[in-house]
Amino acid sequence: MSDLNLILEKQRTYFKTGSTLDIKERIKKLKKLYQIIDKYEEEISAALKTDLGKCQFESYMSEIGLVKSEITYFIKHGRSFAKKRRVHTPLSQFYSKSYVLPSPFGNTLIISPWNYPFLLSIEPLVDALIAGNTVILKPSEYSPNTSAIIKKIIAETFSPDEVEVVLGDASVATELLNLKFDFIFFTGSQNVGQIVLKSTVNNLIPCVLELGGKSPCIIDKTANLKLAARRIVFGKFLNCGQTCVAPDYLLCQEDIRNEFVTYLKEEVIKQFSPEPLKNKDYGKIISLKHFKRLLNLIDEKKVIIGGSYDEETLKIEPTVLQDVTLEDKVMQEEIFGPILPIITFKTYDEAFDIISKHPTPLAFYIFSNDKKIIDHALSHVSFGGGCVNDVVIHLANSEMGFGGVGTSGMGSYHGKTGFDTFSHLKSIVDKKQIIDLPMRYQPYKSNLFKKLIRTSLH
Ligand code: NAD
């Protein structure tokens, strides 16, 4: 038996003991995890600095703080999520009680990416654990320092029978995907998402795919342009644009394009200084391979802001491209870096047409004060989640699920949605024995049965 299979076998044996079923124990474990994260907070920040150049504030705001908030949320609400959920029982099933019983899937696999390596490893882990599962976690090989501290934290918090972190590249992930897990949670690219999904087919393993895509952001002539520029610059260049929900491209109404660009220029300087490459709080691209891919997307003739880079530090300035067309390289793939193309539109139909030419985005943003058009856009455009007059922040709310749709993913997590995603919801009818209505038994009395069904519908 391979080493990985051995780990899974141990977790399987542990799960069968029923030790993960007690919700009080699950909460106790999360409290311990919180404390150990607290203890290693400096080391986590240092690792994120080495891997992605993230400053301490950003690491807390966009990774450690969000994980802590998710843990706190479950410490508060976990007990109620794990309870039986009573539902209405139709009269035809008299006399019984009906309820939904959340039950853990069992042994789960989580594969995570490098861009928010702490958040995107630990948040699904927390959701899996509060739902009562065991976990094998494989973080990304591109963020090795964060992966190492994650391994240390997990080893200090859990026994390997409950949670084990396995380090390595795609070959390790491939090996893991050959094992028979009860549930797989994957965050990463669409290409690898397809591989993961294929691997689940033979054993019919349920899975969630958190993928990416090109997320559009509309700015129309009714928008507060100055505020829009401020928020877009924050959300796009946070983590150097290496954010799955960053606005990938802007659709800007023609009449206000020039004014909006003026504000964009001001904001880039305000937030990142006139020399962003020297800004210690501005991150870096994860690897030389990713750095070169991004440079290849920049058409120098179209650059109106930024465009400079430093190969030694793997930094690329916040870069804005104007007069971009759908034929440009930058519109052929998910950018996932600090490059922001602007496409102009005259009518909303044009804007929606451009969005519909791309696969379903993970996020959609609209800056507008026209309520009718906002409502129309939100209901007609297909996307995972999004914001009105802001970007990115919808993922930082444990009260709402987060996930994609179509090519940007399937399934969602965070908060109660995460608890439910990692649970099988058993539907139970608890039939009482003091009465046993005769209608369903032969010889049938169809009139009485029909009456009862009708009654229960009204
Ligand atoms: P990736 O798909 O290259 O890698 C993700 C994980 O899959 C890594 O752990 C990697 O080791 C593993 N992997 C790589 N090749 C594999 C294979 N052949 N078989 C099995 N596993 C394999 O993604 P990435 O470059 O780490 O992350 C960037 C992508 O992730 C972007 O597309 C981004 O939009 C997406 N993303 C999505 C979300 C979300 O929440 N929806 C969050 C972050 C990133």
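Biologist: How many cavities of 30 Å³ or more does the structure hold?

Modeller: This is a predicted model, in which local features need pLDDT of at least 70, side-chain atom pairs count only at pLDDT 80 or more, and totals for chains, interfaces and linings use all residues. Residues are numbered from 1 along each chain as its sequence is written, and side-chain values use heavy atoms, with hydrogens and water left out.

The structure holds two cavities of 30 Å³ or more. A cavity is a set of points, on a 1 Å grid over the protein atoms alone, where a 1.4 Å probe fits but cannot get out; lining residues have an atom within 4 Å of a point. Grid points are joined across faces, edges and corners, and a volume is the space filled by probe spheres set on the points.

The largest cavity has a volume of about 120 Å³. Its lining consists of Y14, S19, T20, R26, K29, L129, G132, N133, F158, E162 and V163. These divide into four nonpolar, four polar and three charged residues; Ala, Val, Leu, Ile, Met, Phe, Trp, Tyr, Cys and Pro count as nonpolar, Asp, Glu, Lys and Arg as charged, and the others, Gly among them, as polar.

For the second largest cavity, the volume is about 40 Å³. The residues that line this cavity are G213, K236, G241, T243, C244, A246, P247, D248, E334 and F336. Four of them are nonpolar, three polar and three charged.

One of these lining residues, K236, brings us to helix α9 (residues 225-237), which packs against helix α10 (residues 257-272) at an angle of about 50°, with the axes 8 Å apart. Helices are DSSP runs (H or I, at least four residues) numbered from the N terminus. Axes are lines fitted to C-alpha atoms over the stretch in contact, and angles run from 0 to 180 degrees between N-to-C directions. The two helices α9 and α10 are therefore oblique to each other, since angles under 35 degrees count as roughly parallel, over 145 as roughly antiparallel, 65 to 115 as roughly perpendicular and the rest as oblique. Contact, meaning heavy atoms within 4.5 Å, involves residues including L225, A229 and F237 of α9 and F260, Y263 and F272 of α10. Twelve nonpolar, one polar and six charged residues make up the contact of α9 with α10.

Terms used. On a 1 Å grid over the protein atoms alone, a cavity is a set of points where a 1.4 Å probe fits but cannot get out, and a pocket is an open set with protein on both sides within 12 Å along at least five of seven lines; lining residues have an atom within 4 Å of a point.
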